[in-house]
Amino acid sequence: MIPVSWFLVLSGVLFALGVAAFLIKKDLLVMFLAVEVMLNAANLAFVAFARLHGLLEGQAAVFFIITVAAAEAAVGLAIILLVFRRKKTVKADDISVLKG
Amino acid sequence: MATLLFFLLSALCVGGILGMILSRNAAYSALCLVPSFAALGALFGLLGGPFIAVVQVIIYAGAVMVLFLFVVMMIPLRPAPSFPKRKAFFALSVVLAACLLALIVLSLSASLKTSAAAAPEGFGGVGDIGRLLFTDLLYPFEITSLVILAALVGALILAKKKKSP
């Protein structure tokens, strides 16, 4: 029987790794992947707490998060594709037109 | 046995994400995350959520990562500049992430102490989840389909090539 707290700590580690990846990487695509990692870390915490309290609603929340994340990935990737067509680059450092 | 499985899966998960951070090529980064997300699905299974585990493997490790790889294929890859140029920034990012991790673990410490009650027999079965989704959570479930439809149309309109006049 594995203690649920281990899963919570693992979820924290995954979230921190996602934040680190988001800060370190300079590629829009990989930064977007890092956001997906953070979402998955949150999902793990949801499932762990659902187990801890014996409630199924946590797993239903994860189901909704996964479907919304899939929709978000489709729209986000379309926007990245559009940025690439306009600017010919996906490096976050090169996209600074909003900077005055 | 289950403990061993937990450590194996979490090592696979963390290792995949480290591989994503350390590889310079966006395609390799996306490919590293596939086993990572699949291992996360197996962890959901260990926590007593077979339905969520299968959804995670099919949608995340399958559909979303394939979508990412398609976009990686459409964008010509140039390897990112090597680390030395931004060593200070790299160190700062790692320190910030470590601080965040400490913060998360500190705020979890109350939950970490509570011992888990044994889950009821058959907890998280597919039937229970389905019943919950189609009774109490029927409206969110239907609205989710609208969200997906909107995302589908939005992605098509965004990514469509404009006909040049």
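Mentor: Chain A comes to 3 helices and 0 strands, where helices (H or I, at least four residues) and strands (E, at least two) are DSSP runs numbered from the N terminus. Bear in mind that this is a predicted model: local features need pLDDT of at least 70, side-chain atom pairs count only at pLDDT 80 or more, and totals for chains, interfaces and linings use all residues. Residues are numbered from 1 along each chain as its sequence is written, while chains are lettered from A and ligands numbered from 1 in the order in which they are written.

Trainee: How many residues of chain A touch chain B?
Mentor: Contact is a matter of C-beta atoms, placed from the backbone, lying within 7 Å. By that test 56 residues of chain A meet 69 of chain B. α1 (4–24), α2 (28–53) and α3 of chain A each supply at least two residues of that side, and α3(A) gives the most, with 20.

Trainee: And how do I describe a helix pair?
Mentor: Two packed helices are described by the angle between their axes and the distance between the axes. The axes of α1(A) and α1 (residues 2–22) of chain B come within 10 Å and cross at roughly 5°; axes are lines fitted to C-alpha atoms, for helices over the stretch in contact, and angles run from 0 to 180 degrees between N-to-C directions. That makes the two helices roughly parallel, the word for angles under 35 degrees. Among the residues making the contact are A:W6 and A:L10 of α1(A), and B:F6 and B:S10 of α1(B).

Trainee: Is α1(A) mostly covered or mostly open?
Mentor: Mostly covered, with 16 of its 21 residues buried. A residue is buried if 20 or more other C-beta atoms lie within 10 Å of its own, exposed if 12 or fewer, and partly exposed in between.

Trainee: Where does A:I95 fall on that scale?
Mentor: A:I95 has 15 C-beta neighbours inside 10 Å, so it counts as partly exposed. A:I95 sits in the segment after α3 (57–87) of chain A. Leaving aside neighbours within four places in sequence, A:I95 is in contact with A:V83 and A:K87.

Key
Contact = placed C-beta atoms within 7 Å. Parallel < 35°, antiparallel > 145°, perpendicular 65-115°, else oblique.
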